[in-house]
Each structure stands twice: as C-alpha cells, then as structure tokens.
Amino acid sequence: MNIDRRSGCPINLSLEVFGDRWSLIILRDMIFGGRRHFRELLNGSMEGIASNILADRLKRLMDLGMLTKADDPSHKQKAIYSLTEMAITLVPILAHLGAWGRVWLPVSEELSIRAELLEKGGPPLWEKFMDELRHEHLGTPLDPASGPSVRATLQAAYEAVVAGKALSTDTAA
C-alpha cells in the first residue's frame, strides 16, 4: 500500500485513503449497490462521477489493496472489480457515517432509510452483511439458512419509501 504519509496517526492515514470526494462513494456503490463493472459505477452513481476520475480512483483503490480487478468471464471486454477484506470491513464505518449524517445533515427519507436500518441492526446486521460481501467478492461459503440478504432488505426498504412517497404525491394531486 502506497500512501503519502504526513504522520503515523491512524486518523491522518485514513484520511489519506478516503480524503478525496469519490473513493468512499465508489466503495458505497459497490457495497450497497452491488456494482462491479466500470459502466455500472459510472452510470449508476447519482453524484455523477466523470469517467477519468472513476478510472483514477479505481486504480488508486486497487493500488491501496481495497479492490481487485479481473476479466469478467461473461464478457471478454469487461473487467469485474471485487472488494477485498480491507474494503469489506468498512461496513461498520459506513453505517456510523450514515447514522451521523441522518442526525446532523439534511438527508432525504428515501436515501437515509438504509442508514437507519443499518443503525438499528447494529453489529449483528453489519457482520451478516460483511459475510454476504465476502461470499460475493471473495468466494467464501455462506450459510444458506441466513434468510434474505442484507442488500435485498435495504433495497426493499428504499423501494417501499419511494413507493410511499409516490403514492402520497398521487393522492395529493
């Protein structure tokens, strides 16, 4: 891992990794959105990352050991990006960031429902999600009796809020 070091402080070193605007957004989209291809990351991000920035950040995240890249067996011209254990263990940090943002920032209901569920689910939910990500990205075994996936549960909650807002808009009109 090659990080420009201003000091050996763990907070400083972490900011050297995540201090840019896009790295955590890319990891968020991979973790919560299941995006693994360049085009999915480029077109699926509501923040509108430029292709050259995305390419640069993906390379940086690979250089840091947070992502790996392999040829996609389903398409010869595509690459598939995978999270490493280093990136997967960010789930609790992302959960805490989301919880903090829900309290202190003007979030939207539909985009904060996932953070709310992660906060309420706490460490047991985070561990289950990390196990699912390990299965998806690292090929580790997954308990088949674990029920619906965390990502599917979070997505269903998001869709329910969006549908509820659309319904309330329709009835108000």
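Biologist: Which helix holds both aspartate 63 and lysine 59?
Modeller: This is a predicted model, where local features need pLDDT of at least 70 and side-chain atom pairs pLDDT 80 or more, while totals for chains, interfaces and linings use all residues. Residues are numbered from 1 along each chain as its sequence is written, and side-chain values use heavy atoms, without hydrogens or water. Helices are DSSP runs (H or I, at least four residues), as strands are (E, at least two), numbered from the N terminus. The two residues sit four apart, about one turn, and both lie in helix α4.

Biologist: What is the N to O distance where the side chains of aspartate 63 and lysine 59 meet?
Modeller: A salt bridge is a side-chain nitrogen of Lys or Arg within 4 Å of a carboxyl oxygen of Asp or Glu. The side chains of aspartate 63 and lysine 59 form one, and the N to O distance is 3.0 Å.

Biologist: Which accessibility class does aspartate 63 fall in?
Modeller: Buried is under 20% relative accessible area, exposed over 50%, and partly exposed in between (1.4 Å probe, protein chains only). Aspartate 63 is at 46%, so it counts as partly exposed.

Biologist: Glutamate 132 and lysine 128 meet in a salt bridge. What class does glutamate 132 have?
Modeller: Their N to O distance is 3.9 Å. Both residues lie in helix α7, four apart, about one turn. Lysine 128 is partly exposed at 24%. Glutamate 132 is at 9%, so it counts as buried.

Biologist: What relative accessible area does arginine 57 have?
Modeller: Arginine 57 forms a salt bridge with aspartate 56, with the closest N and O atoms 2.8 Å apart. Aspartate 56 is partly exposed at 42%. Arginine 57 is buried, and its relative accessible area is 15%.

Biologist: What geometry do the rings of phenylalanine 32 and phenylalanine 129 have?
Modeller: The whole structure has one aromatic pair. Rings of Phe, Tyr and Trp (its six-membered ring) pair with centres within 6.5 Å; planes under 30 degrees apart are stacked, over 60 edge-to-face, the rest tilted. Here the centres of phenylalanine 32 and phenylalanine 129 are 5.5 Å apart and the planes are at 40°, so the pair is tilted.

Biologist: Which helices does that pair link?
Modeller: Both phenylalanine 32 and phenylalanine 129 are buried. They are 97 residues apart, so the pair links distant parts of the chain: helix α2 and helix α7.

Biologist: Over the ring of which residue does the charged end of arginine 114 sit?
Modeller: The rule wants NZ of Lys or CZ of Arg within 6 Å of the ring centre and within 35 degrees of the ring normal. The charged end of arginine 114 is 4.4 Å from the centre, over the ring of tyrosine 158.

Biologist: How much space lies in the largest pocket?
Modeller: On a 1 Å grid over the protein atoms alone, a pocket is an open set of points with protein on both sides within 12 Å along at least five of seven lines; in a cavity a 1.4 Å probe fits but cannot get out, and lining residues have an atom within 4 Å of a point. Points join across faces, edges and corners, and volume is the space filled by probe spheres set on them. The largest pocket holds about 1,000 Å³.

Biologist: Which of its lining residues are closest to the centre of the largest pocket?
Modeller: The lining has 30 residues. α2, α6, α7 and α8 each supply at least two. Closest to the centre are Ile25, Arg28, Phe32, Glu47 and Leu111.

Biologist: Which element gives the largest share of the lining of the largest pocket?
Modeller: By class, the lining has 15 nonpolar (Ala, Val, Leu, Ile, Met, Phe, Trp, Tyr, Cys, Pro), eight charged (Asp, Glu, Lys, Arg) and seven polar residues (the others, Gly among them). The largest share is seven residues, from α6.

Biologist: Which helix gives the most to the lining of the largest cavity?
Modeller: The largest cavity has a volume of about 30 Å³. Trp22, Ile25, Ile26, Asp29, Leu41, Ser45 and Ile49 line it. Three residues come from the top contributor, α2.
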